[in-house]
Amino acid sequence: MNANRGTGLNQLTLWRDATRLLKLIEEAVRRFPRYHKYTLGSDLRRQAMTVCRLILRAWHARDDRARQLDRLVLAVDDLKLLIQLGKELGAFASFAEFQGIAEAAVTLGRQSGGWQRRAGQPPSPPHEATARA
């Protein structure tokens, strides 16, 4: 089943950027050292998929959109934290690979925060862990 068929979701820039980031993460994790591939790599892949799932939920939500957007913003923050940890641990094959993924994640953060503001939801307070990163 194609969850975004007929919904206009493919026209949403946030969705296109999130799926592009998911693909970049999938490709990067394939090159992770074995030690990180099945721990940090799995967490990165899972979190990128969660972000995509939350975009879909927020897109379809009417009465619950504010809560879904809050969850989306927090999930993107968590993903950015995992990406930063991957850099610190030396999991990425190159700095350029990390940089491309990090920039894509920052773009997602801006887009999801903008959607949240347009929906009239005040921004969520930063995570304690995100504030330190």
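User: Which way is the crossing of H1 and H5 handed?
Analyst: H1 and H5 cross left-handed, meaning that the near helix is turned anticlockwise from the far one by less than a right angle; clockwise would be right-handed. The model is a predicted one, where local features need pLDDT of at least 70 and side-chain atom pairs count only at pLDDT 80 or more, while totals for chains, interfaces and linings use all residues. Residue numbers start from 1 along each chain as its sequence is written, and side-chain values use heavy atoms, with hydrogens and water left out.

User: At what angle do H1 and H5 pack, and how far apart are their axes?
Analyst: The angle is about 155° and the axes are 10 Å apart. Axes are lines fitted to C-alpha atoms, for helices over the stretch in contact, with angles from 0 to 180 degrees between N-to-C directions. H1 and H5 are therefore roughly antiparallel (over 145 degrees; under 35 is roughly parallel, 65 to 115 roughly perpendicular, the rest oblique).

User: Which residues of H1 and H5 make the contact?
Analyst: From H1, Thr13, Leu14, Asp17, Ala18, Arg20, Leu21, Leu24, Ile25 and Ala28 take part. H5 supplies Glu97, Gly100, Ile101, Ala104, Ala105, Thr107, Leu108, Gln111, Ser112 and Trp115. Contact is heavy atoms within 4.5 Å. By class, the H1 and H5 contact holds eleven nonpolar, five polar and three charged residues. Ala, Val, Leu, Ile, Met, Phe, Trp, Tyr, Cys and Pro are nonpolar, Asp, Glu, Lys and Arg charged, and the others, Gly among them, polar.

User: Arginine 20 in there, is it buried, exposed or partly exposed?
Analyst: Arginine 20, in helix H1, counts as partly exposed at 45% relative accessibility. Buried is under 20% relative accessible area, exposed over 50%, partly exposed in between (1.4 Å probe, protein chains only).

User: What about the axes of H3 and H4?
Analyst: They come within 9 Å and cross at roughly 160°. H3 and H4 are therefore roughly antiparallel, and their crossing is left-handed. In the contact of H3 with H4 there are 16 nonpolar, five polar and five charged residues.

User: New topic: how many aromatic pairs in the whole structure?
Analyst: Three. Rings of Phe, Tyr and Trp (its six-membered ring) pair if their centres lie within 6.5 Å; planes under 30 degrees apart are stacked, over 60 edge-to-face, the rest tilted. One of the pairs is phenylalanine 32 with phenylalanine 92, edge-to-face at 5.3 Å centre to centre and 90° between the planes. Phenylalanine 32 is in the loop between H1 and H2 and phenylalanine 92 in the loop between H4 and H5, so the pair ties together parts 60 residues apart in sequence.

User: What about phenylalanine 92 and phenylalanine 98?
Analyst: Their ring centres are 5.8 Å apart and the planes are at 55°, so that pair is tilted. Phenylalanine 92 and phenylalanine 98 are both buried, and phenylalanine 32 is buried too.

User: Which residues form the aromatic cluster?
Analyst: Phe32, Phe92, Phe95 and Phe98 form one cluster.

User: Where is serine 94?
Analyst: In the loop between H4 and H5. Serine 94 is partly exposed, at 34% relative accessible area. Its C-alpha is 9.9 Å from that of arginine 31, 63 residues away along the chain.

User: Last one: how many helices and strands in the chain?
Analyst: Six helices and zero strands, as DSSP runs numbered from the N terminus (helices H or I, at least four residues; strands E, at least two). Of the 133 residues in the chain, 42% are buried.
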